[in-house]
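Biologist: I'd like to learn how to read strand pairing and pockets in a model. Could you walk me through it?

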Amino acid sequence: MLTTQLVDYLNKELQVATIKDYCPNGLQIEGCADIRHLVTGVTASQQLIDAAIEAGADALLVHHGYFWKGESEPLVGMKKRRIASLLAHDINLLAYHLPIDMHHQWGNNAQLGALFELSNVVPLEAVSPAGIVYQGETSTTLGELSALIEQKLDRPLVVCEGKADKPVNKVAWCTGGGQGFIEQAAMAGCDVFITGEVSEQTIHIAREMGIAFIAAGHHATERYGVKAVGEHLAGEFGLKVTFIDIDNPA
């Protein structure tokens, strides 16, 4: 598959032109013109790049790429080594940040709702843009839900704030570093808010607004979107796609 064809397809399907983000979405580093083997992963770390090189990849598709707003611009040190490795092996780097969080089918939020076996999974109406926070329904307790999340993500929770016997019917979540949306979730009447990270003030907000809170890990909650995109591409275009998970406890 031509690199230009893949980029055009993903840019359209992920609605890149409609989403304001903190980094460029799409092709970040140009490599070879023809893609036969695509490696997917969460973050374009040196370890993932090395694994993609070892796998003989023509392209690397990630959620966390490069060139973030506010970061140092010079190509030196770690950034230089990463980019040099990609260029030396003619590997394309494609990165999609918020578009992969928000997509209604392949997005991190949609995929997490399915993983946690929630019903009536839709974007939380109180938050814009649509898809940055999702909501769903269940019938359980906080203790049972936290145990399910640990089992599904195969890792202990970072934090769980609230009484284990608290009834949970309405759940809101934002994968990754979405702890700042807890107030909107509480005002929408949700019983629990799930995200990847926790800030000091998050716990006070949860206690004072009466909403339970779970932080399950930034990496752990964002493995599933880019993996789903890769699986779709494999089925749609017959590409060889390999998901490589570089463990990260954060």
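Modeller: Happy to! Two strands pair if DSSP finds at least two bridges between them; strands (E, at least two residues) and helices (H or I, at least four) are DSSP runs, numbered from the N terminus. Here Gly41 stands opposite Val62 in β3, and five bridges join the parallel strands β2 and β3. This is a predicted model, where local features need pLDDT of at least 70, side-chain atom pairs count only at pLDDT 80 or more, and totals for chains, interfaces and linings use all residues. Residues are numbered from 1 along each chain as its sequence is written, and side-chain values use heavy atoms, leaving out hydrogens and water.

Biologist: Which strand does β3 pair with over four bridges?

Modeller: That is β4 (residues 92-95), again in the parallel sense, with Leu61 opposite Leu94.

Biologist: Is Thr40 buried or exposed?

Modeller: Buried means under 20% relative accessible area, exposed over 50%, and partly exposed in between (1.4 Å probe, protein chains only). Thr40, in strand β2, counts as buried because its relative accessibility is 0%. In β3, six of its six residues are buried.

Biologist: And how much space lies in the largest pocket?

Modeller: On a 1 Å grid over the protein atoms alone, a pocket is an open set of points where a 1.4 Å probe fits, with protein on both sides within 12 Å along at least five of seven lines; lining residues have an atom within 4 Å of a point. Grid points are joined across faces, edges and corners, and a volume is the space filled by probe spheres set on the points. Here that comes to about 500 Å³. Of the 31 lining residues, His63, His64, His97, His218 and Glu222 are the closest to the centre.
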